[in-house]
Amino acid sequence: MSQHLGNPGHARASVADGAWRRPAARSLLVAPLRNARELIPSLAPVILIAVSQRGMAYWLLLLVVILPVLLAVLRWWTTTYRVTGDQFQVCHGVFRKHLLTAQLDRIRTVDAEASLLRRLLRIVDLRVGTGAHEDVALHGIDAGQGAELHRVLLARRRSASAEAGASADASGPGGAAEPGGAAEPGGAAEPGETFEPGDAFASGSGAPGERTVAAFTPAWLRFAPFTMTGVATALTAWAIGARIVNEFKLGDTIGPWIERARDATAEFSRAWLIVELLLGTVIAVSVLSLVAYALANWGYRLTRRDDATLHVRRGLLTSRAVTIEEARLRGVVVEQPLFLRVPRGARAKALVTGGGRGDDHGSRSSHLLMPPAPVAVVRDAVADILDTDRPLRTGLVRHGVRASRRRYSRALLAVAPCAAALAGAAWWWGWPGWTAAGAVVILALVPALASIRARWLGHALCGDPHQHTGPDAGYLVAAEGAFPHQHHCLRTRAIIGWVMHESFFQRRAGLVTLEATVATSTGHVRILDVPKSRAVQVIRAATPHLMDEFLDPAGRP
Amino acid sequence: MTDTSGEAAALATVRRPAHRVSPKARWVWLISAAIGWLFLLVPLGLAAALIPEAPTALRAGTIALAVAAIAFCLVMPHWRYRVHRWEVTEGAVYTRTGWLTQTSRVAPISRVQTVDSHFGPLERAFGLGTMKVTTASAHGAVEVAGLPRHQVEELVARLTTVTSRDSGDAT
């Protein structure tokens with residue numbers, strides 16, 4: 001494998017020669033595990049029968065072992081792929097044959113993912129996005145070949161794209177072979193980690209102009225406790241733990257422990273106990289978030305290549321490499337959950353259009369650009385990616401007093417039922433006094449939250465709407481919310497329509513909620529409670545001439 | 001931003017779309033709303049009438065609900081009819097829908113991906129139909145319900161020829 005990486009010219013010839021190839025045979029060591037996971041629901045009755053009947057029925061359990069292995073072998077045997085002149089073909093299917101053919105210049109993205117086991121075996125799972133309805137998945141490819149495939153598939157796209165047409169390399173075999181993997185930032189990152197697919201992709205790609213935009217440093221771990229993942233993890237762990245205790249009747253076993261703990265705590269005061277419990281929970285949640293953050297984002301690196309692609313690599317045990325084509329990038333969302341603001345952190349997501357119908361993004365969860373990181377780093381990275389920091393720098397237009405008032409009334413409406421239920425429970429059913437106090441506390445939080453949400457509400461327009469990309473591109477900026485606070489920077493070129501919602505109360509206040517529809521997975525970017533006349537201005541400025549024929553200079557609604 | 005227009009243009013507001021939908025659409029809305037209410041009211045009314053020991057609260061509630069339903073069915077279709085409007089120009093499709101909450105949608109013709117027509121059973125009974133224009137956004141479908149059937153077919157034909165002229169994937 002190392003000679004493949006060291007000599008991309010040779011490896012390239014071996015991948016793009018038009019011969020049919022199979023996934024690596026050693027992928028058979030892990031594939032049965034995946035198959036077993038898929039098959040467990042349908043095999044569950046068999047397992048139940050075997051366990052309940054005993055005796056000879058235990059032989060049925062062999063099925064549970066044999067079927068996944070058989071399936072893995074069949075799948076491995078029937079899955080082949082090749083790169084011919086200008087096509088990428090994948091043939092798969094055990095009982096029904098599928099032949100998928102994708103034009104190389106239609107391939108948008110090649111994403112790679114490798115769990116720890118797969119990294120040890122030097123194999124990767126590839127996901128090739130063609131802009132059609134479904135991505136093509138290729139499991140268990142040899143890591144070196146995967147890296148080559150990655151480069152070859154995207155190189156054709158590069159040569160086909162107009163932006164890269166001017167660049168010197170014609171992406172021919174000679175051009176790619178010449179630079180070698182000499183000064184790759186990705187390769188230098190973790191010299192010890194030979195099997196990391198991100199590494200393999202970086203050094204095997206032979207892309208001369210790869211530049212690191214942002215890279216993980218362990219100091220970022222300080223943001224982990226301020227994300228909500230720890231809470232989610234703790235709740236999951238608690239639920240699973242309780243389930244296990246229930247299922248296996250562990251109550252009798254751990255009962256005495258709990259008794260003893262209760263006796264031991266009897267002499268402490270109640271307040272002290274609550275403080276200790278809270279402290280313990282906070283510490284446990286923080287540790288869990290730390291672990292989750294490290295698992296997902298360790299070794300994170302965002303790079304930008306000359307061929308107009310962004311590459312996001314991250315992951316401690318399971319490593320992921322995601323490609324985002326810049327021609328499909330429509331903007332960026334900088335998110336700041338309320339608590340992440342405390343250590344001055346932020347995260348960023350990419351707004352990326354799918355191909356075809358636009359609602360085909362179910363397979364890909366979200367386009368994470370940056371994990372929780374220092375807000376300055378995030379802003380720098382976003383400015384770098386967008387070629388301008390204008391959308392982040394531009395002062396926001398406020399939405400006025402009426403919009404602020406609506407934040408208060410809506411916050412009150414949201415929590416009133418909860419507070420009323422607590423107060424009612426305390427009043428009628430004699431719940432302890434602190435439930436009533438809870439209702440008061442909740443109500444007291446309303447003005448605080450509402451004022452934050454009012455202060456963080458705004459929008460702006462910047463740049464030239466006729467410019468699609470580059471430093472002068474037009475941007476629609478929309479900021480709102482606290483959980484998380486989202487700062488959308490949307491290229492005006494991405495706007496493919498407008499929706500204006502006016503509820504009964506909004507009409508009375510002269511406000512509208514304006515939504516710019518976009519072909520990304522979220523479908524729209526909204527400007528909340530903006531004065532109606534201002535909304536019209538925004539539409540006219542962001543999409544010139546679109547609304548001109550629907551305007552009424554007399555000012556009649 | 002390059003807002004070359006002056007103060008007067010800043011005051012300009014968006015006018016309503018030019019055309020109303022067919023007046024018969026009110027019947028479609030009335031009947032479909034009434035059917036929805038009946039699913040709720042019939043079981044309640046049967047329970048209130050047939051069960052002798054039904055609490056008075058149930059009877060009173062059913063009557064109140066029936067009054068609300070009748071008011072809804074009388075008010076909603078007319079209100080909706082006053083709001084629902086549409087317009088298709090060379091450059092854009094523009095609609096306004098809703099009644100209590102009103103929604104205006106604009107989709108540039110150049111970004112239209114598909115043009116569908118749809119004729120529900122109730123709509124067919126009144127000779128009406130729905131035209132639906134989708135863009136590449138999961139959020140941006142523009143729908144005009146309650147148009148006369150021939151108008152739907154005309155519009156679909158017109159829009160199909162216009163959109164097929166544009167190349168590119170309209171994202």
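Modeller: Happy to. The sheet is open and has seven strands, in the order 19(A)-18(A)-17(A)-5(B)-4(B)-3(B)-2(B), with antiparallel pairing. Its edge strands are strand 19 (524-531) of chain A and strand 2 (19-20) of chain B, and each of these pairs on one side only. Before you go further, keep in mind that this is a predicted model.

Now zoom in on the chain B part. Strand 4 (residues 92-98) of chain B and strand 5 (residues 102-108) of chain B run antiparallel and are joined by seven bridges.

Step back and look at chain B as a whole. It has five helices and eight strands, and starting at the N terminus the elements go α-β-β-α-α-β-β-β-β-α-β-β-α. Of the 171 residues in chain B, 28% are buried. If you take the contacts in chain B with a separation of 6 or more, 55% of them are between residues 24 or more positions apart.

Where the two domains of chain B touch, eleven residues come from domain 1 and eleven residues from domain 2. On the domain 1 side of that contact, helix 2 (25-50) and helix 3 (56-83) of chain B each supply at least two residues. Helix 2 of chain B gives the largest share of that side, with five residues.

Over in chain A, there is another bit of strand pairing to look at. Strand 12 (residues 345-352) of chain A is mostly covered, with eight of its eight residues buried. Follow the side chains along it: G345(A), R347(A), K349(A) and L351(A) point one way, while A346(A), A348(A), A350(A) and V352(A) point the other way, and all are buried. Strand 12 of chain A has partners, too. Strand 11 (residues 329-336) of chain A pairs with it in the antiparallel sense over six bridges, and here E335(A) stands opposite R347(A). Strand 13 (residues 368-374) of chain A also runs antiparallel to strand 12 of chain A, and four bridges join them. In that pairing, A346(A) has A373(A) of strand 13 as its bridge partner.

Helix 3 (residues 31-53) of chain A packs against helix 4 (residues 61-78) of chain A at an angle of about 150°, and their axes are 8 Å apart. Because of that angle, helix 3 of chain A is roughly antiparallel to helix 4 of chain A. Residues making the contact include L39(A), L43(A) and V46(A) from helix 3 of chain A, and L67(A), L71(A) and W76(A) from helix 4 of chain A. The crossing of helix 3 of chain A past helix 4 of chain A is right-handed.

Last stop: the domains of chain A. The assignment gives domain 1 (221-295) and domain 2 (400-455), and the C-alpha centres of these two domains of chain A lie 29 Å apart.

Technical notes. Residues are numbered from 1 along each chain as its sequence is written. Chains are lettered from A and ligands numbered from 1 in the order in which they are written. This is a predicted model: local features need pLDDT of at least 70, side-chain atom pairs count only at pLDDT 80 or more; totals for chains, interfaces and linings use all residues. Domain bounds come from an automatic or database domain assignment. A residue is buried if 20 or more other C-beta atoms lie within 10 Å of its own, exposed if 12 or fewer, and partly exposed in between; C-beta atoms are placed from the backbone. Two residues are in contact if their C-beta atoms, placed from the backbone, lie within 7 Å. Two strands pair if DSSP finds at least two bridges between them. Axes are lines fitted to C-alpha atoms, for helices over the stretch in contact, and angles run from 0 to 180 degrees between N-to-C directions. Angles under 35 degrees count as roughly parallel, over 145 as roughly antiparallel, 65 to 115 as roughly perpendicular and the rest as oblique. A crossing is left-handed if the near helix is turned anticlockwise from the far one by less than a right angle, and right-handed if clockwise.
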